[in-house]
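Hi,

Here is the structure I promised to pass along. Have a look at it below, and then read on for what turned up when I went through it.

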Amino acid sequence: MDKKKNRAVFIDRDGTIIEDRGYLNDPEGVEFIEGSIPALKMLAQNGFKLVLVTNQSGISRNLVTHEQLNAIHDKLAGVLSLNGIRFDAMEYCPHGPEEDCLCRKPNIGMALSASKKADIDLCVSYCVGDKMSDVGLGKKFGGKGVLVLTGSGKNEKTGEAMPDYTAKNLYEAAKWIITDAAQKQRQKPA
Ligand SMILES: [Zn+2]
């Protein structure tokens, strides 16, 4: 009875949806990567919940304030809203790597929080990003991890935790996720 209903795609922000400006602290610096808006739209149209998951250690480093971050996320949400898209949850980790928090990717704190908010079944969900910590998050929460080659994706070393798929950009990642999820559903016993 406690079974969660929705599948979701957890999506990284910098280098995946928008250009990675390095500790962005000004909404004017929000620049969408080509194909990312159509990708989000396609995922939503295919029944996926959309969750933003972003490590923002710039807050811990005093390079970005919570207010600036909120202004950036308002801008992001505003542009998406003009395109008929909304995030079901927008999560960020304000901590630095040395703070040992439960939310910094690849830890699953942000995924658990969003899972409660949007009734998400993590085992049938995906995480997409340009870092291996995004791939790691997807695997840690029991779903799949997709690496995109935008942002710093090209320089990531895959090592032990291989991505379930590597995509040129978020649009190609979205296409793969939709196909993969449809195959999984067909394979379910009746
Ligand atoms: Zn954290």
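**What I found**

Along the sequence, the protein reads β-α-β-α-α-β-α-β-α-β-β-α. That pattern holds six helices and six strands, where helices (H or I, at least four residues) and strands (E, at least two) are DSSP runs numbered from the N terminus.

Two notes before the details. This is a predicted model, in which local features need pLDDT of at least 70 and side-chain atom pairs count only at pLDDT 80 or more, while totals for chains, interfaces and linings use all residues. Residues are numbered from 1 along each chain as its sequence is written.

**Overall shape**

The radius of gyration of the protein, taken over C-alpha atoms, is 16 Å, which agrees with the value near 16 Å for a compact globule of 190 residues; that globule rule is 2.2 Å times the number of residues to the power 0.38. Taken along the principal axes, the C-alpha atoms fill a box of roughly 55 × 35 × 35 Å. Of the 190 residues, 41% are buried (20 or more other C-beta atoms within 10 Å of a residue's own, with C-beta atoms placed from the backbone). Among contacts (C-beta atoms, placed from the backbone, within 7 Å) with a separation of 6 or more, 63% link residues 24 or more positions apart.

**Strand 1 and its partners**

Strand 1 (residues 8-11) has A8 and F10 pointing one way and V9 and I11 the other, and all are buried. Strand 1 pairs with strand 2 (residues 49-55) in the parallel sense over four bridges; pairing here takes at least two DSSP bridges. K49 in strand 2 is the bridge partner of A8.

**Helix 4**

Which residues of helix 4 (residues 109-118) are buried? They are M110, A111, A114 and S115. These lie on the same side of helix 4, because they cover an arc of only 135 degrees around the axis (using directions from the helix axis to the C-beta atoms). An α-helix has 3.6 residues a turn, so residues three or four places apart point the same way. Their cover includes strand 1, strand 2, strand 3 (89-93) and helix 5 (132-140). Just after helix 4, D119 has a positive phi of about 55 degrees.

Best wishes

Key. A residue is buried if 20 or more other C-beta atoms lie within 10 Å of its own, exposed if 12 or fewer, and partly exposed in between; C-beta atoms are placed from the backbone. Two residues are in contact if their C-beta atoms, placed from the backbone, lie within 7 Å.
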